[in-house]
Amino acid sequence: SYCIYKNGTCPKNMRSGWVFWDDECIDNINSHGGFLPDGVYNHATKIYYCCQTDGNWYDSIELPVSQPFYLLTSSSTDTPKCQMVKWAFSYLEYIVFDTEDIDNKDAQGGEHLFLDGDNKYYCYYEECRRTMTGPSGSFRSHKAAVSEMDPRSQYCSWLITLAETYIISLSFKELIIPSCNDKFLRIYDGSNYTAPLLGTYCGSNASTEVVVLSSTNNLYIVSNSGSYARNPKNTFTFHAQYNATNSTECRRTMTDPSGSFRSHKAVVSEMDPRSQYCSWLITLAETYIISLSFKELTIPSCNDTFLRIYDGSNNTAPLLGTYCGSNASTEVVVLSSTINLYIVSNSGSYERSAKNILTFHAQYKATNLAVKEKTGSTIIIIATTVGGVVFHCIVLIVLLIKYKRRKRARKLSTPVNIPQADATPQESLPIDQEPVYETVPCVNQEYYDDVATKANESEDISAEGRTSDHEEVGNTMENDTYKNIDTVTQDSDYVIPTHERRESYEDVNMGKNLPDYEPLDLSKREADDYQKDHLFSSLDAALNRYPNAGIMLVGDFNRLNYRYISNHFNLRQTVKNATRGAAILDLIFTNLFHHYSTPQILPGIDLSDHNSLLIRPLRRARKAKVESIFRRNVKPSMKSCFGRWLASTDWSFLETLSNSLDWDRYRSCRNQIKRKLRESERKFVYKRINDKNSNNNSLWKTVRECIPRNEKTRLTYSGNVVEVANKFNEYFSSVGAKAAEESKALITSYGLTSTHPETPHKFSAEIDKFHFHPVSCDVIRKIVCSFPSNKSPGPDKVSVKVIKDALPYILQPLTDIVNCSLRESLFPSAWKLSEVIPLLKEGDHEIAKNNRPISLLLAASKICERVVLEQFTAYVEQKKCLSVHQSGNRKLHSTETLNLFISDKILKSMDDKEVVAVILLDLSKAFDSIDHVLLLKKLQVLGVSDDALCWFKSYLTGRQQGSILGPMLFNIYINDLPMVPKNGNLKSYVDDSKLLLSFSVNEVNSAAAKLNEDLRRVVSWCSLNSRLINSNKTKLLVFATRYMLKQIPADFHILLLGKKLFPVTSATDLGVTLDSGLTYDEHVTKLVSSCVGSLCQINRARHLFDMKTLILLINALVFSKLYYCSTIWSNSSKKNIAKLQKVQNFAARIVTGTKKFDHITPSLKQLNWLPVNYMLRFRDTVMAYKCVNGMAPSYLCRMFQTRSQLHNLNTRSSELLEIPLYRTATGQRSFRYRASCLWNSLPEWLKDHNLNLERFKSGLRSYLVQQFLDEQN
């Protein structure tokens, strides 16, 4: 039972009425303005109302309550009563009308608001819903008036929501609900009333002993205080408090193959939330199963205490058992069938005593099912290194000259391993076992002395690479087993007795791996020339067999002709630092020096007196994909057996087979297998998509895996990644300054001057200027919660998700930091750092200019920037500082609204037999080349105070593009650009600007001169403001009818920086392809091609998705492109609309499985899809609704006027839109004409101003669907 003001016709089921006030005649100063309800406003007042009186005022209704609102009382009640509204409380207020005292003619009729003498009663409503996010807090019921129904506490709710790892304990200091008639307090274990109900409290069970514990991080409380009069004995009152507990303290995950765990200790005689719900997850490798037993298991009762075990990773897995009371004993043994076991305990939610405590001590053990007896043969895999394009890298380790040295080192440094003595021959060991050795740390001292002596005698060091002869070494080993070594030659060829000279098994096998290996002649081994010849012949053989091979020759060389190796084999010696003492003795020759780093010198290993060398590849080669190939191991003896079996087989049965019958059987089996495979795939994908733990990211990840697409190769860089990063960083940080310098140079090159006046200071008074004001914790909380959690973190690697989880604890310090920044006019320098990711635009990815920088900002800096953005945007909108010609980064503005306005201007000019020239300007590096000093001056002109200006200066210092404030500051920077042209109009969407000029065909030459003048003024402004116009990407379009286009001279052009720009037939602007006649033929052709390509990809994988997922995919990937900016091109030809209808038909066939030649209309009805022409009408009408109701830019809203705004006649059509007059069909294609006709054709209930946008869309769709169905019938 309530009333509202009338404007137009009353909503359905509401009755009209009126009240007339005979105002004072003497000194009457009545006046009116703004948006008024229907009525008469002169020396007296008459107001019309719409009232709902079918129900009782105490029956609650649901209305949007997020913002305060008013309802009027109804005259249907005896006393003024406020209509009950769920989730809101009300205040009864009144207005006094001072009417005529003598011969008063006050009157009323029909249903109207409640009147009491001169008092007019109405109700003010505020929301009665509260959300709490702190780790603890309290709340109480709203105070109600005694002996009177109080709508303020009719339906109220409280939501406690915390981080994911917390649970909530709720208790009551006071809880009084005398009766259970219609009063209650309900508590839900979740975020709304659809969650599990934990309890309903009223009457006797409502007491301070109530304690409620959630199992999630949300708790939702709803109260209903009753809908009838109450007295002091029947008052609904409560005072609640809550505390948060980190549930991870009793959640444990175990991955060891065995272990144990026990229940948490609980406080006796007290409810302990820590052990209310606890869980343990055992998860192992894929080949294991788990056996669980108990050393202790005591659960006295089964009231609300239990232990549950699930055969999986969560409580959705199969339940293996619930244990409590008598079945809880140490005899319980549980065996899993999977690699996971999930255990949950509940210790009860009521007071417990020492006799009623859940106690257990469990242990588990894993069993590996994959342990089997190893049989078969050993497979040896020989890997080759791939470098360059394709080459084999043959590592020639030349140890022939150092053979004796290696023998000596082996005896000195390696303990002698001798198998344990055994009189009986040992059996061969299995492959995976090693023989047992004992260590004998003894060395033949006489042999060592002989080696040292003979080495000194045979010392012959080449002049190349040798700088010292000997080195004193003493006490090299502390072990008494090794004697002191007096003098050791630095680098010698030790002579081994002839009877001990033999080539090791390892050396022989290493040499055999070389191509065309020729065994070493032992009789010639001591001859140096023979060793060199053997080395050189091996290199020649390798290069002859593999001409493009990569070679690396490593060793400690004696008497080697380095120059011959470098020249003949094209190898380079890469070791530049000493490897032993001050000499370079160990060398590396290679032709791969471009692919490896300079060798790094490392300490020697063990007893070696030479340093070690480390070389690294300059880039990590991509790991080759390992593919296993299985084949049958057929021995020669098995081949003959297989042949005899084939020969003995009777193949005569083939002659009796029927070709058609067997082929049908084959096809049937094949199709059956295909169906089963597809069904299995579909079930698998369905399970992943509908997993309750999945989110939008996992959904689209699954979709991308299923839909076939071209694989993108991972981009790698040929150079050192650090050098590449530095090169990219230098380019990105300097490209803006270079563009600014180029624009400044144009001033002198073309003699440009300033041709536009400076904007004067508009805000001189300090009160009018923009000042920062401190923010509260609630503002910071809303900003943090508005950020998506899945965005990449900045250089500090602190993601938004981490800040959200820690918000209950850091909210106040974070608010203080932001307020300190605003108060001190200082933006922290650490917040200016960003991690830049290069994103390839086109061309070679290793060239910096072919990449677009993507900046990853610190989460804390984004919070501070968002605070500044909200305050500064509110100031700019309030003062109307921004030009109406800028549509980018503004509320209610979009690419569609700007394109719509421009296309209407073009069609209007074409209807007036004029030609329209449009220059699409392209600015290079628009965001990078902003002059910060000039930007600060423009901010000062807009009224930014000195303190705020200091903050902006601190913020801009040392910063590149890529910030939250960037788009708004860019709008401020180019705010005066639209005022520069003298003859034409300039419209902008961020940095995409276009210059328009209309002219008649007879004025082509003068129009070109005007365009050149405006263009020169724009170029001058850009140069003075560090903007660089890219003449190569700037386009000229001429719009006119086909007849007038033929009259334009072929040499019509304009000049831009010395370059002639001739008209092009079509160009793309803000995503829409425009042609000279605005037919949109080319745009529709490209659109159809793109949509059909996406549909073909979906069609190839449609068997994997259910209908709901297919509709989601098509809406996201196809229809979003199909209807982009549709209000602009919806006036295209029927031929183009038919092409688009085929795209929708294709999509409907994919979703419903309709065959190619079946009629498509039943499928469209089944899907409840509007055909394309109806859908275009729907979108046009929605845009018209926005324009009529002020939900569009002002330049569109001004295009529509009602007939009552043009004249004062009160006719039946006064509320209809005025249809503009156009002479030709071209003018009638404009959106203004089409939208006016569509709006006037709507039924009255759809044009009701009380309908919000969502309800209007819903009603309009239903209306158009019914029209479509009626048309088909």
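Predicted model: local features only at pLDDT ≥ 70, side-chain atom pairs only at ≥ 80, totals over all residues.
Residues are numbered from 1 along each chain as its sequence is written, and side-chain values use heavy atoms, with hydrogens and water left out.

**View A. Helices H24 and H28 cross at roughly 150°.** Helices here are DSSP runs (H or I, at least four residues) and strands are too (E, at least two), numbered from the N terminus. The axes of H24 (residues 1172-1188) and H28 (residues 1253-1272) come within 10 Å; axes are lines fitted to C-alpha atoms, for helices over the stretch in contact, with angles from 0 to 180 degrees between N-to-C directions. That is why H24 and H28 count as roughly antiparallel. Among the residues that meet are Tyr1174, Phe1178 and Tyr1185 in H24, and Phe1256, Leu1260 and Phe1268 in H28 (contact means heavy atoms within 4.5 Å). Sorted by class, this contact has 10 nonpolar, two polar and five charged residues. Nonpolar means Ala, Val, Leu, Ile, Met, Phe, Trp, Tyr, Cys and Pro; charged means Asp, Glu, Lys and Arg; the others, Gly among them, are polar.

**View B. Helices H10 and H12 cross at roughly 115°.** H10 (residues 777-786) and H12 (residues 859-879) have axes that come within 10 Å, and their angle makes them roughly perpendicular. On the H10 side you'll find Val779, Ile780, Ile783, Val784 and Ser786, which meet Ile863, Arg866, Val867 and Glu870 in H12. The tally for this contact is six nonpolar, one polar and two charged residues.

**View C. Four strands make an open sheet in the order S11-S18-S13-S16.** The pairing is antiparallel, and two strands pair if DSSP finds at least two bridges between them. S11 (136-140) and S16 (211-213) sit at the edges with a single partner strand each, so one side of each has no neighbour in the sheet. From one strand to the next, the twist averages 20°. S11 and S18 (residues 237-246) share five bridges, and Gly137 stands opposite Tyr242 in S18.

**View D. Helix H17 covers residues 1004-1024.** Just after H17, Ser1026 takes a positive phi of about 60°.

Technical notes
Expected span 1.5 Å × (residues − 1). Parallel < 35°, antiparallel > 145°, perpendicular 65-115°, else oblique.
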